[in-house]
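Me: I'm new to this one. Please pick one part and take me through it closely, in plain words.

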Amino acid sequence: MNDQTEPAIDAKAVNKSYVSGDTHLHVLNTVDFSLSKGESAVILGKSGSGKSTFLHLLGGLDTVDSGSLQVAGRQLELLKERGLERFRRTCIGFIFQSHYLLDDFTLLENVYLPAVMSGFPKKESIESAKQLISQVGLYDRKDHFPRRISGGERQRTAVARALINEPELILADEPTGNLDEYNSRIVEDLLFSLVETYARSMVLVTHDISMRFRGTQSYELYLGKLEPYV
Ligand SMILES: Nc1ncnc2c1ncn2[C@@H]1O[C@H](COP(=O)(O)OP(=O)(O)O)[C@@H](O)[C@H]1O
Ligand SMILES: [Mg+2]
């Protein structure tokens, strides 16, 4: 499972459709995708092109209709709900457009609690959280509550939280979608630099074309197909 030659992601002929009423929406049409460990892919796509759908499949939040999906050494279509829950908690760091920080907890608590919930000792978790919070430039705000900080700072906290459990793969769904240009660049720079520092793999989906070449690979999702972006 820790074999360095094993890819972080190996997706083959993945299909996903939604049926509502008599409409059949083929969102992902025979998608192949692979990502080596330590690589980061940026997937561009317009609103409704299936970016979130694909990321949810990679993160075990939804299941494929057909095809094979291997992520972080797990064959996802073979996992039951408990296995998927464990996979999400231990292998994946999610970052969404909305930060989903817990309002009643400080920034430090928001970052270290997922580690404690995953069974890491509390003291060690707090130390790791302090280091990550300092790396996203918020050490002096660590005892503040999310409502007292700006949108950009909340999203930087979400970046720190996504890394706390040492996930093999970061999945980022429009992580700068709610931010202004200036804060977008700050969050984007932090995200790519921390993913590199910690040698994580990442798939980032966005409609923001300015990010297209930030990763080691660029793709576009269009009409159900995932193609290299050139
Ligand atoms: N649970 C669902 N049921 C029915 N249709 C869905 C569902 N989730 C997404 N869709 C549809 O699938 C398409 C792709 O959605 P999504 O993956 O959210 O796109 P994106 O993230 O690129 O904006 C959209 O047309 C959306 O309306
Ligand atoms: Mg989306």
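Reply: Two strands count as paired when DSSP finds at least two bridges between them, and strands (E, at least two residues) and helices (H or I, at least four) are DSSP runs numbered from the N terminus. This is a predicted model, where local features need pLDDT of at least 70, side-chain atom pairs need 80 or more, and totals for chains, interfaces and linings use all residues; side-chain values use heavy atoms, without hydrogens or water. Residues are numbered from 1 along each chain as written, with chains lettered from A and ligands numbered from 1 in written order.

Let's start with the sheet: β1 (residues 9-20) and β4 (residues 66-71) pair antiparallel over five bridges, with N15 opposite S66 in β4. Helix α1 (residues 51-58) packs on the sheet, touching β1, β2 and β4 (heavy atoms within 4.5 Å).

Now the ligand. Around ligand 1 (a heavy atom within 4 Å) sit Y18, L25, V27, K46, S47, G48, S49, G50, K51, S52 and T53. The largest share of that shell, three residues, comes from α1. Look at polar contacts, pairs of N or O atoms within 3.5 Å: an oxygen of ligand 1 is 2.9 Å from a side-chain N or O atom of K51. For S52 the distance from a ligand 1 oxygen to a side-chain N or O atom is also 2.9 Å, and for T53 it's 2.5 Å. The protein covers 59% of the 560 Å² of accessible area that ligand 1 has on its own (Shrake-Rupley, 1.4 Å probe).

Methods:
Axes fitted to C-alpha atoms, helices over the stretch in contact; angles between N-to-C directions. Polar contact = N/O pair within 3.5 Å; in protein donor to acceptor, adjacent residues only side chain to side chain.
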